[in-house]
Amino acid sequence: MHYSGNMKKVLLTGGLGYIGSHVAVELIKQGHDIVIIDDLSNSEYTVLGRLSELTGTEIYFELGDVRDIDFLKGVFQRYEIENVIHLAAKKAVGESVNKPLHYYDINVSGLINLLKVLEDHQAKKFVFSSSCTVYGQPEFLPVTESTPFGDTPSPYGKTKQMCEQILGSVAKVARYEVVSLRYFNPVGAHHSSKIGELPKGVPNNLVPFITQTGAGLRDQLKVFGGDYDTPDGTAIRDYIHVVDLASAHVKALKVDLGPYTALNLGTGRGYSVLEVIKAFEEVADMKLNYSIVDRRVGDLPEIYGDPSMAYKKLRWKAELGLTDMMRDAWKWQQGLAK
Ligand code: UD1
């Protein structure tokens, strides 16, 4: 076990969450020393132990909320932070409609707090977890980084747009570089099955709902909408393996990019809900119980991204395909049952 108290660190907010835990592993694999902040609102403390097991490394952890600026100041006093990867945020589209202030508070005020604290410290890079939701329903596909922000009806989507706008302004005067990574649909789990998604309650997202249905925890998957103008009538998304997504964060720290850069992180390929189900059925060797129901309010018919800018700037591209995503998601789900 290595313990390097003097090394400059990467501050990873939301580092015990689904995406954060995978980013933590990739950072450590590439030799970074990290400090994780998490408030455990949508994550489990046991993930910290799993991360240590997986990486053979002591990980600094600070329990706290990004809305608490004194907490953040304390963290920056205790550690020498060289880079920040900011993932701590709320992400449930439907919930954001019912609790808009909660979303603006955590996602927007949390970001502002962090940026305020950074004003008094030296940092090289600030990496922000954005989303393809900033594009709304685009006119042309695939979306590129120059596709304009579209109408995104949920407060969740609006917070991602606002955060990017704030970061764009701040980057003009900041000493550090800012990178917004626009995630498409992250799915799957670490191949070790030690970390993965831990949805609280009934999952909102497709893949955990599929795996929980496969495991018998849910009776039936509802496919939201079979009458979209797509080849099989179901909605299309650009699913990306969470480990691929995580590795892009590490690359974003390495490369000099200039004051502000936004990058799409997807595979560039869209799959329909029925194609995802089929991929699951193949890897799990079972028939999934599903039925096609009405569209979910606020869902887009189709979105997928052009990831070539991320390759150009970071030499990053997704390596894993839909079968890998579903295999690892299923392996993870089966491990949870044990
Ligand atoms: C949305 C947001 C994304 C956000 C994510 C987190 C957009 C474009 N994307 O992704 O930014 O990070 O939520 O929650 O706003 N589906 C079913 N049955 C289910 C669940 C989902 O058919 O039980 C379908 C959906 O209708 C959709 C696809 O599966 O077509 C993917 O849905 P989901 O996994 O919830 O992600 P998005 O809504 O695309």
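Which strand does Val-10 lie in? I looked this up before anything else. Val-10 lies in strand β1, residues 9-13; strands (E, at least two residues) and helices (H or I, at least four) are DSSP runs numbered from the N terminus.

I note the ground rules. The model is predicted, so local features need pLDDT of at least 70 and side-chain atom pairs count only at pLDDT 80 or more, while totals for chains, interfaces and linings use all residues. Residues are numbered from 1 along each chain as its sequence is written, and side-chain values use heavy atoms, with hydrogens and water left out.

**Val-10.** I checked burial. Val-10 counts as buried because its relative accessibility is 2% (buried is under 20% relative accessible area, exposed over 50%, partly exposed in between, with a 1.4 Å probe and protein chains only). I then listed contacts (heavy atoms within 4.5 Å). Leaving aside neighbours within four places in sequence, those of Val-10 include Leu-27, Ile-34, Val-35, Ile-85 and Leu-253. I also took a C-alpha to C-alpha distance: Val-10 and Asp-227 are 46 Å apart in space and 217 residues apart in sequence.

**Ser-180.** I found Ser-180 in strand β6, residues 177-183. Ser-180 counts as buried because its relative accessibility is 0%. Not counting residues up to four places away in sequence, Ser-180 touches Phe-128, Ser-130, Glu-164 and Leu-167, among others.

**Helix α3.** I looked up which residues of α3 (residues 69-78) are buried, and they are Phe-71, Leu-72, Gly-74, Val-75 and Phe-76. Their cover includes β1, β2 (33-38), β3 (60-63), β4 (81-86) and α5 (100-118). At the start of α3, a side-chain oxygen of Asp-68 comes within 3.2 Å of the backbone nitrogen of Asp-70.

**Ligand.** I counted the shell, taking a residue as near if one of its heavy atoms lies within 4 Å. The ligand is surrounded by 20 residues, and the closest are Ser-131, Lys-222, Arg-237, Arg-296 and Asp-299. Strand β8 (residues 221-224) gives the most to this shell, with four residues.

I then read off distances from ligand oxygen atoms. One is 2.5 Å from an N or O atom in the side chain of Ser-131. For the side chain of Arg-296, the distance from a ligand oxygen to an N or O atom is 2.8 Å. A polar backbone atom of Leu-206 is 2.9 Å from an oxygen of the ligand. The protein covers 90% of the 740 Å² of accessible area that the ligand has on its own (Shrake-Rupley method, 1.4 Å probe).

Key:
A polar contact is a pair of N or O atoms within 3.5 Å; within protein, one must be able to donate a hydrogen and the other to accept it, and residues adjacent in sequence count only if both atoms are side-chain atoms.
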